[in-house]
Amino acid sequence: MAKNLLIVESPAKAKTIEKFFGGDFEVRSSYGHVRDLEKDNMGVDVAHNFTPKYIIPDDKKKVVSELKSHAKKADEVWLASDEDREGEAISWHLAEVLGLNPATTKRIVFHEITKPAIENAVKSPRTIDMNLVDAQQARRILDRLVGFELSPVLWRKVGMQRSLSAGRVQSVAVRLIAEREREINAFKSISTFKIEANLVAKDINNKSVIFKADGPLKLENQDNATRFLETCIGANYKVTDVQVKPAKRTPAPPFTTSTLQQEASRKLGYSVSRTMRLAQGLYESGLITYMRTDAVNLSELAMSEIAKEINQAYGEKYHKPRHYKNKNQNAQEAHEAIRPTYISNHTITDSDTRALYSLIWKRTIASQMSDAEFERTNAKIEISTNKELLSASGEVLKFDGFLKVYMEGRDDEDEDEKEGILPPLAVGQQVDLKEMLALEKYSRPSARYTEASLVKKLEELGIGRPSTYAPTITTIMKRNYVEKRDKDGSPREVNQLRLTADDKIEKKKITENFGAEKSKLFPTDLGLVVTDFLSDHFKSVMDYNFTANVENEFDEIANGKLKWNKMIDGFYQPFHETVESTMETADRVKGERELGVAEDGKKIIARMGRFGPMVQIGSVDDEEKPRFAALRKDQSIETITLDEALDLFKLPRNIGKFEGDDVVINVGRFGPYAMHDKKFYSLTKEMDPYSVELEEVGPLIVEKRKAKDERTIKVFEKEKIQVLRGPYGPYLKVGLRNYKLNKEQQEKAETISVDEAKAIIEEQKANPPKKKAPAKKKKTS
């Protein structure tokens, strides 16, 4: 038995670290937290200074028992969970359950899993930092108090769907998304006309090239645009000013948690949670430094290795050492930015994490490279007939610098038009007009949030910390307050006027697609209703500054400047009073909007129902029962019109006969479908149930029927039992329920009798297969 027991929180991390030790150390994993707050009575004793009540969850009892056994046999126990507050709390909980003294137990930390880093950590152990533990404990207790006290209020006062919940950070994140959505819905787009001239000049090879120059101002309407073009008829175009200036672009700092999440979303299309899962795997495999950090600095050793890499690969002129400083005063500068542990490893073999590793490697290298140098030219060109000036600009890359390796991505709402390259221009030079366009442009609202831009906004507001962004976004989507989806664009006609080189003005209409969005965050109707209720009754919880101040107080606890119980008490007392007052006095939320009246005079409302947003015609007080229709995925209670609501009642639609039987289109529990000959066929995503025609549905029925016939081994019609082929072999199906066949039964599937099939079904009903136990949780990212 090894003399020393080293405990980390994940088996992957344990496996990597174990390689660096001889027989003196045995490395074991706790599989994340070994204790949590009990579920009963909030798990917090409010009356006794908010004392937490911890329990060992059932799925951790075996792990704890094994660790206790190993700890008894070891001469010394070392705790080596991650270096952040969550990791510190894991070490403290381990000390508590294993009967170790937190004041004397050796605690080691490292921000990269390499042999030198582990050896240095072992040489300089410390004890558990109770300030960090208290900061994590304060966050956990405060969030438990908010969740446990607010959720029952929502059940009683909103209660449209089961499992409603509220959280301190998640509710504020939903508010951001809800406010952006309403800002977009209220936005009134204004059209103006932009002047663009395509001019012709000679390049350095005396070849005619076209370059673009913009008009002096935006014109309010088509009449003004026409008049401007008319004033340009017969004009000459002369260069009156040329300014050539050097410009430079500097590289971005190496990654923090939030900037990695943002860039992986922009460049790789990764969700925030996927980025953190892959980054955790890279860290635990010893390939990158710790992935939960808000520091941008690099160690001197790392900078030395990066310098060597740049000088060897690109030459000395490409290297420029840079010492980045974090703007956030609470950033932990003792930590490093996210970087590869070994700069010499340009890539890795694992296909799942290779793209993210490459992104980190390139960003790290680029952060220590020279500026990119440009020559920027701005020219003014006079229109002789009206003395207005056109502006042309362009830039030429003179030295690529860090751009040889990496270019930082940008959010779509920040995109600017790229500058082109201008031909050589001189003051007094005449240039020719190819055409001048007056293009109708519409103003646009702010873009909806992506996961990346939401993280950026939360960080700007000081809401949350590196460890909270991913779980916050996951939670608000899981709770059905927010959904991530695409939005199809809509066609729109815009006017275009064109002054030709022979002085003719042409007018035409062109169609553009506007409003299309990809992977954006939309608030659900439930999210909007809950946000409104919380904003009305719990203003402090929903206030951005208040939430950011709470984060600052957690930082003060971590720095030993504030007692965690005092901080919780200052928040809880007024919060609890508001909860009690709201329970007593607040009206139950209706979450409805009146749209108008039907032809028979019955009221039409859009409202939240038990299964989501819907339209209702009539009232429960009427003689006839009210009629209901669910809203479509892309519709909202706040924006649906009366006509759109009435369209929802056009289903079911009989679209004609196919093979002698009616085809009826409807929407059911599992989405749009076609019913034909008493059989159901799901429509494809491209098919709109309100407009799809028989010509599209007929071939779909034939195709799906053929696929089903190929899957069908046999059918017992009377008993309605099907024997089908599946991806894992033959199985039985009755209605919507499937029944597994064992290997021997699968081999005899073609000859199975009805009695054998019934016996298998009865056996599985009497002894349903046990559900697999959930995988042991690692610490969430």
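Angles of 65 to 115 degrees between axes count as roughly perpendicular. The model described here is predicted. In it, the axes of helix H3 (residues 85-97) and helix H5 (residues 130-157) cross at roughly 105°, so H3 and H5 are roughly perpendicular to each other.

**Packing of H3 and H5**

- Two packed helices are described by the angle between their axes and by the distance between those axes.
- As for distance, the axes of H3 and H5 come within 8 Å.
- On the H3 side, the residues in contact are Arg85, Glu86, Glu88, Ala89 and Trp92.
- On the H5 side, they are Met130, Leu132, Val133, Ala135, Gln136 and Gln137.
- Sorted by class, this contact of H3 with H5 comprises 6 nonpolar, 2 polar and 3 charged residues.

**Nonpolar cores**

- The largest nonpolar core contains 158 residues, and Phe110 and Leu356 have the most contacts inside it.
- Helix H5 gives the most to this core, contributing 11 residues.
- Another core lies apart from it and has 28 residues, including Phe211, Leu219, Ala379 and Val431.
- When residues up to four places away in sequence are not counted, phenylalanine 110 touches Lys13, Ile17, Ala80, Glu83, Ala117, Ile118, Ala121 and Tyr283.

**Salt bridges around lysine 13**

- The structure holds 47 salt bridges.
- One of them joins aspartate 82 to lysine 13, with 2.6 Å between the closest N and O atoms.
- This pair links distant parts of the chain, 69 residues apart.
- Aspartate 82 is in the loop between strand E7 (76-79) and H3, whereas lysine 13 is in helix H1 (residues 11-18).
- Aspartate 82 and lysine 13 are both buried.
- A network of salt bridges links Glu9, Lys13, Asp82, Asp84 and Arg292.

- Aspartate 143 and arginine 168 meet through their side chains in a salt bridge, at 2.9 Å from N to O.
- Aspartate 143 lies in helix H5 and arginine 168 in helix H6 (residues 168-186), so this pair ties together parts that are 25 residues apart in sequence.
- Aspartate 143 counts as partly exposed because its relative accessibility is 27%.
- Arginine 168, by contrast, is buried, with a relative accessible area of 3%.
- The side chains of arginine 28 and glutamate 26 also form a salt bridge, at 3.0 Å from N to O.
- Arginine 28 has a relative accessible area of 34% and is partly exposed.
- Glutamate 26 is buried, and its relative accessible area is 12%.

**Threonine 511**

- Threonine 511 is found in strand E17 (residues 505-514).
- Its relative accessible area is 59%, so threonine 511 is exposed.
- Leaving aside neighbours within four places in sequence, threonine 511 is in contact with Pro491, Arg492 and Glu493.
- Threonine 511 and arginine 492 are 19 residues apart in sequence, and their C-alpha atoms are 5.5 Å apart in space.

Note on methods: Residues are numbered from 1 along each chain as its sequence is written. This is a predicted model: local features need pLDDT of at least 70, side-chain atom pairs count only at pLDDT 80 or more; totals for chains, interfaces and linings use all residues. Side-chain values use heavy atoms; hydrogens and water are left out. Helices (H or I, at least four residues) and strands (E, at least two) are DSSP runs, numbered from the N terminus. Buried means under 20% relative accessible area, exposed over 50%, partly exposed in between (1.4 Å probe, protein chains only). Contact means heavy atoms within 4.5 Å. Axes are lines fitted to C-alpha atoms, for helices over the stretch in contact, and angles run from 0 to 180 degrees between N-to-C directions. Angles under 35 degrees count as roughly parallel, over 145 as roughly antiparallel, 65 to 115 as roughly perpendicular and the rest as oblique. Ala, Val, Leu, Ile, Met, Phe, Trp, Tyr, Cys and Pro count as nonpolar, Asp, Glu, Lys and Arg as charged, and the others, Gly among them, as polar. A nonpolar core is a set of buried Ala, Val, Leu, Ile, Met, Phe, Trp, Tyr and Cys residues joined through side-chain atoms within 4.5 Å. A salt bridge is a side-chain nitrogen of Lys or Arg within 4 Å of a carboxyl oxygen of Asp or Glu.
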